[in-house]
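Please view the sequence and the structure before reading on.

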Amino acid sequence: MKCTFTVNGKPVETEKGGSEALLDVLRGELGLTGSKEGCTDGSCGACAVLIDGRAENSCLVPVAQVQGREVRTVEGLSGTPELARLQRALVTAGVTACGFCVPGMLTVASEHILAGEELDGVSLKQALSGVACRCSGYRRILQVLDG
Ligand code: FES
Ligand code: FES
């Protein structure tokens, strides 16, 4: 069974149109390794991608569910000034340790930014509560993302 959808604005087609996880197709077939594979059970948020503008954990999404839909990965999230500002801030502040959680954090923050929401420290923390950071940088990352 084939599955066709768009990733970062480009049409893609995969033969793995069944229960294969979207994350596995993105990383293994399309080479988009920005989305990280952590727990594979929906609890760490490292694999978050935007599907039709909503952040979802791609390890839990069967690729058949994105048939005809728009997927954006962290590789495709540099298109707006606000997102570019967040990415630059994280790099220049040097707040991450291993950085494993950053793609998930940027993706989840992007869901709200692209929807035109103002994120303050409280709402940002709430939005990112589903993305686990195993290193000590979590608080500083939130501070940087909050500007
Ligand atoms: S790898 Fe998907 S939530 Fe952890
Ligand atoms: S910086 Fe290592 S998991 Fe967050």
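Helices here are DSSP runs of H or I with at least four residues, strands are runs of E with at least two, and both are numbered from the N terminus. The model is a predicted one.

**Overall fold**

By that count, the protein chain holds five helices and five strands. Read from the N terminus, their order is β-β-α-β-β-β-α-α-α-α. The C-alpha trace spans about 45 × 30 × 25 Å along its principal axes. For 147 residues, a compact globule would have a radius of gyration near 15 Å, and the protein chain agrees because its own value is 15 Å. Of the 147 residues, 37% are buried. When contacts between residues at least 6 apart in sequence are taken, 57% of them join residues at least 24 apart.

In the contact, 14 residues come from domain 1 and 14 residues from domain 2. On the side of domain 1 that touches domain 2, β3 (48-51) and β4 (54-57) supply at least two residues each. The most comes from β3, which gives three residues to that side. Sorted by class, the side of domain 1 that touches domain 2 has eight nonpolar, four polar and two charged residues.

**Helix α2**

Helix α2 covers residues 81-93. Its 13 residues, at 1.5 Å a residue, should span 18 Å, and the end C-alpha atoms are 18 Å apart, so the two values agree. After α2 comes Gly94, with a positive phi near 60°.

**Asn8 and Thr40**

Which residues other than glycine have a positive phi? Asn8 is one of them, and Thr40 is one of them as well. The table gives the phi of each.

| Residue | Phi |
|---|---|
| Asn8 | near 55° |
| Thr40 | near 60° |

Asn8 sits in the loop between β1 (3-7) and β2 (10-14). Apart from neighbours within four places in sequence, Asn8 is in contact with Arg72, Thr73, Glu75 and Gly76. Asn8 and Gly104 are 96 residues apart along the chain, and their C-alpha atoms are separated by 16 Å.

Thr40 belongs to the loop between α1 (22-29) and β3. With 15 C-beta neighbours inside 10 Å, Thr40 counts as partly exposed.

Terms used:
Residues are numbered from 1 along each chain as its sequence is written. Chains are lettered from A and ligands numbered from 1 in the order in which they are written. This is a predicted model: local features need pLDDT of at least 70, side-chain atom pairs count only at pLDDT 80 or more; totals for chains, interfaces and linings use all residues. The radius of gyration is taken over C-alpha atoms; the globule rule is 2.2 Å times the number of residues to the power 0.38. A residue is buried if 20 or more other C-beta atoms lie within 10 Å of its own, exposed if 12 or fewer, and partly exposed in between; C-beta atoms are placed from the backbone. Two residues are in contact if their C-beta atoms, placed from the backbone, lie within 7 Å. Ala, Val, Leu, Ile, Met, Phe, Trp, Tyr, Cys and Pro count as nonpolar, Asp, Glu, Lys and Arg as charged, and the others, Gly among them, as polar. The expected span of a helix is 1.5 Å times one less than its number of residues.
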